[in-house]
Amino acid sequence: MRGWIIVSLALVGGPGIGCRRQELPPPASTNPPAAQAAVMPPAKPVAKPAAWFDATQDSGLDFVHFNGMSGQWYMPEMVGPGGALFDFDGDGDLDLFLVQGTKLGPDSPLPGPAAAQAGHAWHHHLYRNDLTQTPSGPQVHWVDISAAVGLKELPSDYGMGVAVGDYDNDGWLDLYLGNLGPNRLLRNADGKQLVDVTSKVGGDLGDPHWSTSATWFDYDRDGHLDLFVCNYIDFTFDRHRQCSSKTGAPDYCGPSVYPHLTDRLWRNRGDGTFEDVTATAGLLARAGAALGVVAADFDLDGWPDLLVANDGMANFLWLNQHNGTFKECALERGCAFNGMGASEANMGVAAADFDEDGDDDLIITHLDGEKNTLWENWERGWFSDVTSVSGMDAVTRPFTGFGIVAADLNNDGRLDLLSVNGGVKVNEAQRQAGLDLPMRQHAQLFLGQGKARFSEVTDEPALRVPEIGRGLAVGDVDNDGDLDAVLANNHGPARLVINRWDRPQTWVGFDLRLPARGRRSAYGATVEVELSDGRKLHRRCGPDGSYASASDPRVMVGLGGDGATVKAVTVRWAEGTHERFNDFPPGRYHTLVPGTGSPLTSGK
């Protein structure tokens, strides 16, 4: 979350064979996109944005995050929390899980024996969505079912993040919680209970380190979701350091004062148990201060890779070697540092096809004084920093960004960006004003102009509320055909912001499912939507990215307001097969399952 260094590439060891595969060399005869984009014409003026409405109070959302602050300025106080939008009870609408903190200090539940007993005041929350249809449209109503599903009976966690995935392929979405202290796997028992099975699944999934974000993904393509977990820094209360602001007042420390950690990878054996494969997969080769992660096939070889956002140091790009191992290639591939060779305070991450060329690009949020950095994937996992011409440079420098999502928020067919912001160092003006945690900033909305260019929208009051933004999850909470957002704030209330886009027929949605028992969501599948006007839009199925949060994995595609229709849809399933589907009326969701389309011999 702070700090930077300049790296001389001449001093860094060369990449392994997995970073530069012979069959995929970097193009030598073309200029990187940054050089091409420098001569592009100015972006078009921003169209009228979608209208956003703060529905927190009307929907019954009453969650308030407690960060355990005690006046000691413990660093973990200001790092969480995240949240998740997912269909817990299988009724077709999105429910909401929000991560809670607890007391911090030498006698807090870190890492185990002194854990608070059941019935404590602070616990994670699960809200059921009782969605109803009214004459004025769909109405979201949250019902707190935390006690009914067993969350109040769990020992106290100091929660950071949550990842959602059906690890046992039983049709019910399970939760993995990253904590300060032992992590927790909660099995969804038929949409009625969340059962702590951490000690029963093997592999030491209750990692006692400080974990933040995580992702479920099928790295070995065996049909079972594996788990990657970001570990941050080796903080203990014995190691607590007292830091100060430029004025000499107490303030939070940065990550450089504590040792870094290695991340963890668990392989799903397919029988309800896991094995720790961190070492055999090659992930012990690098330690970092990981805050964000996203799994995507960046090099288009048909196998999922990992991008890990590391705070104040080089990012990691773990390329899948198809044999159970990964090779770290971020420096070679151009996304370890920004275009100036400097590390940044990497927090939240989003991967999506911003430049509309069929592969996933990257954007990562950073500390104020830096910017949200956008890397264009210009050739099968080779990246170039195009922030300076993307419209994301100057406007994001005053902010410290955490959660960020890439989605078509106004249904015009172009990917937009929504990010939540909040300081990690004290704002002196807010301190003087008497705020108990003076680090408040507002969120930012950027509408896509096409070809990885964005324009900020500044006239949406529901998104300009000063708060300490951390987690961000998006999904169609009211099932009306546009994406809404839940903002998970540090030491304050979570908020539901409803997207009231007014053209419900200008979209089409896809719910990608696997045919195995439970028909879980097809994480890692990619969709190419060919429209009648000739455009081809590329989207990925997955809930990960952002920061410590999980979003709706359904694929939403905006069609614009010019009468375009869906001509055909091509799905590349995670196991490598391709299928084409046809006949998709707009204004509704369509379920796609492998084996029900027309098979293709390639992605074309």
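The model is predicted: local features need pLDDT of at least 70, side-chain atom pairs count only at pLDDT 80 or more, and totals for chains, interfaces and linings use all residues. Residues are numbered from 1 along each chain as its sequence is written, and side-chain values use heavy atoms, with hydrogens and water left out.

**Chain**

The chain has four helices and 40 strands; these are DSSP runs numbered from the N terminus, helices being H or I of at least four residues and strands E of at least two. Of its 604 residues, 61% are buried (under 20% relative accessible area, with a 1.4 Å probe and protein chains only; exposed is over 50%, partly exposed in between). The accessible surface of the chain is about 22,000 Å², and carbon and sulfur atoms hold 52% of that area (Shrake-Rupley method, 1.4 Å probe; for residues, only the protein chains shown count as cover). Among contacts (heavy atoms within 4.5 Å) between residues at least 6 apart in sequence, 63% join residues at least 24 apart.

**Sheet S18 to S21**

Four strands form an open sheet in the order S18-S19-S20-S21, with antiparallel pairing (two strands pair if DSSP finds at least two bridges between them). Its edge strands, each pairing on one side only, are S18 (290-296) and S21 (326-328). S18 pairs with S19 (residues 305-310) over six bridges in the antiparallel sense. Ala 296 stands opposite Asp 305 in S19.

Ser 213 belongs to strand S12 (residues 211-217). With a relative accessibility of 3%, Ser 213 is buried. Beyond its neighbours within four places in sequence, Ser 213 is in contact with Val 229, Cys 230, Leu 291, Gly 292, Val 293, Tyr 547 and Ala 548.

Ser 59 sits in the loop between strand S1 (52-54) and strand S2 (83-86). Ser 59 is also buried, at 1% relative accessible area. Not counting residues up to four places away in sequence, Ser 59 touches Val 140, His 141, Trp 142 and Leu 496. Leu 496 is 437 residues from Ser 59 along the chain, and their C-alpha atoms are 8.1 Å apart.

The table gives polar contacts of both side chains (N or O atoms within 3.5 Å; within protein, one must be able to donate a hydrogen and the other to accept it, and residues adjacent in sequence count only if both atoms are side-chain atoms).

| Side chain | Backbone oxygen | Distance |
|---|---|---|
| Ser 213 | Leu 291 | 2.6 Å |
| Ser 59 | Ala 55 | 2.7 Å |
| Ser 59 | Thr 56 | 3.1 Å |
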